[in-house]
Amino acid sequence: MKKLDFDDLTSLSSEAQQSPRKRMNRNLHSDLSDPVQRLAIAMEPDTYIRPHHHRQTWEILIPLRGRFVVLTFDDGGVVIERAVLGEGGFAVEIPAGGWHAVLSLDDGGVIFEVKCGPYAPFKEEDFSPWSPAADDDAYKELMRWFRNAEVGQRWPGCGEGGA
C-alpha cells in the first residue's frame, strides 16, 4: 500500500520551500512510463506554473492542504473558467488540450495530480504563446493577476488578441 500522511505533506512542503522553483513532488506511480501518473505536489505561493496544456491527456487536481486558484483559458488568454480549490472546490478536471494554470495561495500548500502517462517533459509549444517564460520577470505580474482573475478577463500583458 502506498500512502501519504500529514508528516509526508509537511516534509514535502519543507523540500519545496528549500527548492529554487518553490515546488517539489512525490510520485505515487512507480515509473515515469506508468499509464497513470499520480503525484502530490507541494507548491509555495511564489512558484510559477506557466499556462500550459497537455495535448494527449486530461488532468485532475485535488487539494490536500491549502488553497489553489485554477484557471483555464482560451487560445487568446481569456479566462474561461476559474476555481479555488480548498475553498469550496474539491477537485477539477482539465480536459486534454485545455490551457490552464495553477497558483498556490497558501504557504505549505499541497495538491494531488492525476493524469495519463507516460510522463512527457514539456516542450516550448506546450506553453501558451501569450505567457512569459520563467526567466522573464513579467511572470511575476502574471502571477499577481492570476490571484483575482475572473472569467472573461484577459491578462493585460497578452496584448490585443494574445501575444
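Predicted model: local features only at pLDDT ≥ 70, side-chain atom pairs only at ≥ 80, totals over all residues.
In helix α2, which runs over residues 138-148, the buried residues are Tyr 139, Leu 142, Met 143, Trp 145 and Phe 146. They sit on the same side of α2, because they cover an arc of only 160° around the axis.

What do the buried residues of α2 pack against? Their partners are the strands β4 (68-73), β5 (79-85) and β7 (99-104). These elements come up again in the largest nonpolar core, which has 19 residues. The elements that give two or more residues to this core are β4, β5, β7 and α2. Helix α2 provides the largest share, five residues. Inside the core, the residues with the most contacts are Leu 71, Phe 73, Leu 142, Trp 145 and Phe 146.

Aromatic rings are the next topic. A pair of aromatic rings is described by the distance of the centres and the angle of the planes. How many aromatic pairs does the structure hold? There are five. In one of these pairs, the ring centres of Phe 73 and Phe 146 are 6.3 Å apart and the planes stand at 40°, so the pair is tilted. This pair links distant parts of the chain, since Phe 73 belongs to strand β4 and Phe 146 to helix α2, 73 residues apart. Both Phe 73 and Phe 146 are buried. Phe 146 also forms an aromatic pair with Trp 145, again tilted, with 6.4 Å from centre to centre and 55° between the planes. Trp 145 has a relative accessible area of 15% and is therefore buried, while Phe 146 counts as buried at 1% relative accessibility. Taken together, ring pairs link Phe 73, Trp 130, Trp 145 and Phe 146 into a cluster.

The other helix described here is α1, which covers residues 6-18. At 1.5 Å a residue, its 13 residues should span 18 Å, and the end C-alpha atoms are 19 Å apart, which agrees. Which residues of α1 are buried? They are Leu 9, Leu 12, Ser 13 and Ala 16. Their arc around the axis is only 100°, so they lie on the same side of α1. Asp 7 and Gln 18 are exposed on the other side of α1. The buried residues of α1 are covered by elements including β1 (23-27), β2 (36-43), β3 (59-65) and β8.

Strand β8, with residues 109-116, contains Glu 113. Is Glu 113 buried or exposed? Glu 113 counts as buried, because its relative accessibility is 8%, which falls under the 20% limit for buried residues. The side chains of Glu 113 and Lys 115 are joined by a polar contact of 3.0 Å. Not counting residues up to four places away in sequence, Glu 113 touches Gln 37, Arg 38, Leu 39, Ile 41, Glu 59, Ile 60 and Leu 61.

Two backbone details in loops complete the picture. The peptide bond from Gly 117 to Pro 118 is cis, with omega near 0°, and Pro 118 is placed in the loop between β8 and α2. The loop between α1 and β1 holds Lys 22. Phi of Lys 22 is near 65°, a positive value in a residue other than glycine. With a relative accessibility of 24%, Lys 22 counts as partly exposed.

Conventions:
Residues numbered from 1 in each chain as written. Heavy atoms only, no water. Helix = DSSP H or I, 4+ residues; strand = E, 2+ residues; numbered from the N terminus. Buried < 20%, exposed > 50% of the residue type's maximum accessible area, 1.4 Å probe, protein only. Polar contact = N/O pair within 3.5 Å; in protein donor to acceptor, adjacent residues only side chain to side chain. Contact = heavy atoms within 4.5 Å. Arc of directions from axis to C-beta. Phe/Tyr/Trp six-rings, centres within 6.5 Å; stacked < 30°, edge-to-face > 60°. Expected span 1.5 Å × (residues − 1). Core = buried A, V, L, I, M, F, W, Y, C linked by side-chain atoms within 4.5 Å.
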